[in-house]
Amino acid sequence: MEKRFDLVLGALLLLCAVTLVGLLSGTGSQASQRDLRVDKALEQEIAYQAKVSFLERLYAPVINLRDSGQNESALLQLDELSRKYPDEAHGETLRGEILLQLGATQKAIGHLASAVRMNGDYVDKQSPLSRRGLIERLLASELTKFKQLAADNSASRSSQAALKDLYYLQGRLAGGCE
């Protein structure tokens, strides 16, 4: 009888030890997973900040030319950069801004919409790349004009494309996605 009691007690003790090890390793695993998620989020934030810094340095000559009123030279500089970085949304945004300053509104709308299609950060309030204010002002000043052109059936293809892009930008500002 005593032997059986010792065996039962030993088995229960072994079961408790295995359960304790399982619980401790499970908690460690959860902590490790949490640490991995934190590390990944940190890596993503660092990569994003590095990209923003890179874009600021890369396009600094264009911005300087634009700010000094040398818009044509800025566009030429953008052409060079777009050959080197063909699908970079920041260049599209700057091109749109410069074209707006030059009065080429329809083309500017197309470039801004293209930039937002490539990278939604340009409509994100929290992003350092955000051009939300510019896009809101553009919508306020141009959407009604292009709607009127379309209603009068006097809209050219480029005007219709600009209206479509304005609707796209309006949708993105409202929180819509692709």
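These are my notebook entries on a few spots I looked up in this structure, which is a predicted model.

**Entry 1: helix 6**

I started with helix 6, which runs over residues 132–151 and has 20 residues. From its first C-alpha to its last I got 27 Å, close to the 28 Å expected at 1.5 Å a residue. Then I checked the helix for bends and found a kink of about 40 degrees, centred on Glu-142.

Which residues of helix 6 are buried? I listed Arg-132, Leu-134, Ile-135, Leu-138, Leu-139, Glu-142, Leu-143 and Phe-146. So Glu-142, where the kink is centred, counts as buried, being under 20% relative accessible area. I also looked up what these buried residues pack against, and the partners are helix 4 (89–102), helix 5 (105–118) and helix 7 (157–173). Just after the helix, I noted that Asn-153 takes a positive phi of about 55 degrees.

**Entry 2: the core**

Next up was the largest nonpolar core, which has 35 residues. The members touching the most others are Tyr-59, Val-62, Leu-78, Val-116, Ile-135 and Leu-166. Helices 1 to 7 each supply at least two residues of this core.

Not counting residues up to four places away in sequence, Tyr-59 touches Leu-78, Leu-81, Glu-88, His-90, Gly-91 and Leu-94. Leu-78 is also on the list of core residues that touch the most other members.

**Entry 3: rings**

How many aromatic pairs does the structure hold? I found one. It is formed by Phe-54 and Tyr-85, and it is edge-to-face, with 6.0 Å centre to centre and 75 degrees between the planes. Phe-54 lies in helix 1 and Tyr-85 in the loop between helix 3 and helix 4, so the pair ties together parts that are 31 residues apart in sequence.

I checked one more ring, on Tyr-168. Arg-117 lies over the face of Tyr-168, at 4.3 Å from the ring centre.

**Entry 4: a loop residue**

Last, I looked at Asn-119, which lies in the loop between helix 5 and helix 6. Its relative accessibility is 14%, so Asn-119 counts as buried. Leaving aside neighbours within four places in sequence, I found Asn-119 in contact with Lys-51, Ala-89 and Leu-129.

Conventions
Residues are numbered from 1 along each chain as its sequence is written. This is a predicted model: local features need pLDDT of at least 70, side-chain atom pairs count only at pLDDT 80 or more; totals for chains, interfaces and linings use all residues. Side-chain values use heavy atoms; hydrogens and water are left out. Helices (H or I, at least four residues) and strands (E, at least two) are DSSP runs, numbered from the N terminus. The expected span of a helix is 1.5 Å times one less than its number of residues. The bend at a residue is the angle between axes fitted to the seven residues ending there and the seven starting there. Buried means under 20% relative accessible area, exposed over 50%, partly exposed in between (1.4 Å probe, protein chains only). Contact means heavy atoms within 4.5 Å. A nonpolar core is a set of buried Ala, Val, Leu, Ile, Met, Phe, Trp, Tyr and Cys residues joined through side-chain atoms within 4.5 Å. Rings of Phe, Tyr and Trp (its six-membered ring) pair if their centres lie within 6.5 Å; planes under 30 degrees apart count as stacked, over 60 as edge-to-face and the rest as tilted. A charge sits over a ring if NZ of Lys or CZ of Arg is within 6 Å of the ring centre and within 35 degrees of the ring normal.
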